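Here are my notes on this structure, as numbered points. Please read them with the model open.

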Amino acid sequence: MSLVSGPGRAVGAQHDQQLCIQKHVEYIKNLDSRRDELEYWLTEHLRLNGVYWGLTALHLLGCPQALPREDTIDFVLSCQKDNGGFGAAPGHDAHMLYTVSAVQILVTLDAVDELEKRGLGGKAKVGSFIANLQDKETGSFMGDEWGELDTRFLYGAFNALSLLGLLHLVDVPKAVAYLQKCENLDGAYGIRPGTESHAGQVFTCVAALAIAGRLDLVNKDRLGGWLSERQLETGGFNGRPEKLEDACYSWWVGSSLAIIDRLHWIDGSKLAAYILRCQDPEAGGFGDRPGNMVDVFHTHFAIAGLSLLNHGSIKEVDPVYCMPKTVTTKYLSK
Amino acid sequence: MASHGIPRYTVQERSEEARQQELRKIENYQELDRLVQQKVAAHEYTPETLQSISELLSKNPEYYTVWNYRRRALQNEFSRASAAGESAVGEITTLIKDDLQFLIPLLRKFPKCYWIWNYRLWLLDEAKRRLPVSVSRRLWEEELALVGKMLSLDSRNFHGWGYRRFVVESLEKLTTDEMRSGSMAQSEFDYAKKMIGTNLSNFSAWHYRTKLIQRLLNERSASDEERKKMLDDELNLIHRALCDPYDQSLWFYHQNLMCTFDPTISEQTMAPNLSDSERLDYLRGEMEEIQDMLDGAEDCKYVYQALIECTLLISKVEGRLSNADQQKVLSWLSELKKLDPLRYGRWLDFERSLSQ
């Protein structure tokens, strides 16, 4: 069981302002039936992320059973490598990004114990794969053995390890000090120390600080100001000053604002209306902007964005973990 | 990562012929994938295998695992060349140069594909590890030219700017004996200036400028007077730029500069040792400048935000907000509530904080 992650074929105008739940559910469920499209095979490197995006969106849409549970678990486990990490698909190399998705999927399906039963070395092995990617000098995290650095990986490590109850395997204070070095005078954060602020990196840094219990280090008013300036007249968010809006920033900006208690600093109803204009009301799914191609990445983050805004019947999302709130509440209290 | 900016197209049932064609493409792709997997599993790092890897990556540069195969294949080649003795440097240089060349058309076609840039950095780092400084330095210098070209095509490319920092850091470390200092702070400052000159609303370049000014002053062990001089120049520059007061990038740079007058964060700025009275002088001068900008731009919310910010900074330095100033802040705030309905909640919170 796996889902195609690339662009979908879709039609339709976008004046419909209602959330087409059933269309989106069908769209996600059918992603795995497109093996006769080249795109399905060219996006294999996103497969495990795609399952996480699709599964989480389905949970938020109130259809947690829409994907076959056992097949999903089997697929996740088939992506594990000997070093304990997970690749994007069977045979692909292990990388932080997919290992985090694997953990998030197993937690969402309440199937972490499958790691002990059928995985390679149980959750301890997964934890050690992640912990070994921390740079002991700087506290930052690499994506894999080849050494790319990005605050995304630090967040991913904190996310997965805390869900597994293994955060003690890494040097949290050092990682926190590293995050502080990524902060700029505008109160926002960059991908590495000294780099320009970017809404995606703000989410990774602020959510990681939330997991570490160090939100006291965030300049909430200044950051909240910068984040709220991401909203444009269309209602959508951009990721940096003077850039175009994109539905996925509904999540990166919105969740960051929610984590620092400033979500009411933007116009939620205008944002929701913008997100809804990005949906394909006929074939399902969301694109980056109104009228554009849909894909499961934007579909997931658009729905998660609507969840932050308590839109309609969508289930509550955890702004720190980007998973259903009921799931994280249950897991983190274990 | 996902599709960006691709217009949705009307679905057309694929003709049977088109379907068959696509199936053949899939078959070819999978066959190539299988071949590469087999060769790599058998550690057969021959020129033919490398050719197949190239072919597969040209079809799908997002296939990160295959970039890892390529690294292993290259490492194998490097070890073989190293064993060759005298000709090793020449051989390794050729291998790296050829591979850098292989990436160029891919980068042109897929400029936002992370994996290609990561692989390229790894390759250049290999040059650093395996070749004499004089040789690897030349490769990194060419890389600086390449990233310059790329940023001239897409001047806000987030990865492009990050990549530039890596290249500059490497070049600064790859110094030869005859070079006095490796620092490129001045030439990079000039570069940022050029980029701002091309497009004033390029915040990436303004951000880079902020970082470089700090470095320049620190490297010169600049005196407080020199720091003040730099600050004056920057204030003049931003005032001239703000003849377009509707550009958010400029106001964020302005906000960065105002941090110099905030006693709690001034140590992170270019002029950390200003006295309180100097700070107040600057802030009052700033208030006048901004007030002038209002003329003809009464509907520009950024102007009111900046007036409020400066007034609050004055109160921070003085230790109190006078009644007169509070009234002014409230009147600007009422403008903001009108002009900036998107952020109404923010302004309401601020209003409440003032009355506390």
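1. Start with a helix pair in chain B. The crossing of α12(B) and α13(B) is left-handed. Helix α12 covers residues 276-294 of chain B, and helix α13 covers residues 301-318 of chain B. Their axes come within 10 Å and cross at roughly 160 degrees. Because of that angle, α12(B) is roughly antiparallel to α13(B); the cut-off for that term is over 145 degrees. Keep in mind throughout that this is a predicted model.

2. Which residues of α12(B) and α13(B) meet? From α12(B) come B:D276, B:R279, B:L280, B:L283, B:E286, B:M287, B:I290, B:M293 and B:L294. From α13(B) come B:V303, B:A306, B:L307, B:C310, B:L313, B:I314 and B:V317. By class, this contact has 13 nonpolar and 3 charged residues, with no polar ones.

3. Helix α3 (residues 47-60) and helix α5 (residues 96-108) of chain A have axes that come within 8 Å. These axes cross at roughly 35 degrees. The crossing of α3(A) and α5(A) is left-handed.

4. The α3(A) side of that contact consists of A:L48, A:N49, A:V51, A:Y52, A:L55, A:T56 and A:H59. They meet A:L97, A:Y98, A:S101, A:A102, A:Q104, A:I105 and A:T108 in α5(A). The residues of this contact divide into 8 nonpolar and 6 polar, with no charged.

5. Now look at helix α4 of chain A, residues 69-78. Buried here are A:T72, A:F75 and A:V76. Seen down the axis of α4(A), the buried residues fall within an arc of 100 degrees, so they line one face of the helix. What do they pack against? The buried residues of α4(A) pack against α3 and α5 of chain A. The face of α4(A) turned away from the buried side carries A:E70 and A:D71, which are exposed.

6. Last, the interface between the chains. In all, 49 residues of chain B are in contact with 47 residues of chain A. On the chain B side, the elements that give two or more residues are α1 (16-41), α3 (64-82), α5 (114-130), α7 (158-173), α9 (203-219), α11 (248-258) and α15 (344-355). The largest share, 8 residues, comes from α1(B). By class, the side of chain B that touches chain A has 18 nonpolar, 20 polar and 11 charged residues.

Terms used:
Residues numbered from 1 in each chain as written. Chains lettered and ligands numbered in written order. Predicted model: local features only at pLDDT ≥ 70, side-chain atom pairs only at ≥ 80, totals over all residues. Contact = placed C-beta atoms within 7 Å. Helix = DSSP H or I, 4+ residues; strand = E, 2+ residues; numbered from the N terminus. Nonpolar A, V, L, I, M, F, W, Y, C, P; charged D, E, K, R; others polar. Axes fitted to C-alpha atoms, helices over the stretch in contact; angles between N-to-C directions. Parallel < 35°, antiparallel > 145°, perpendicular 65-115°, else oblique. Left-handed = near helix turned anticlockwise from the far one by under 90°. Buried ≥ 20, exposed ≤ 12 C-beta atoms within 10 Å, placed from the backbone. Arc of directions from axis to C-beta.
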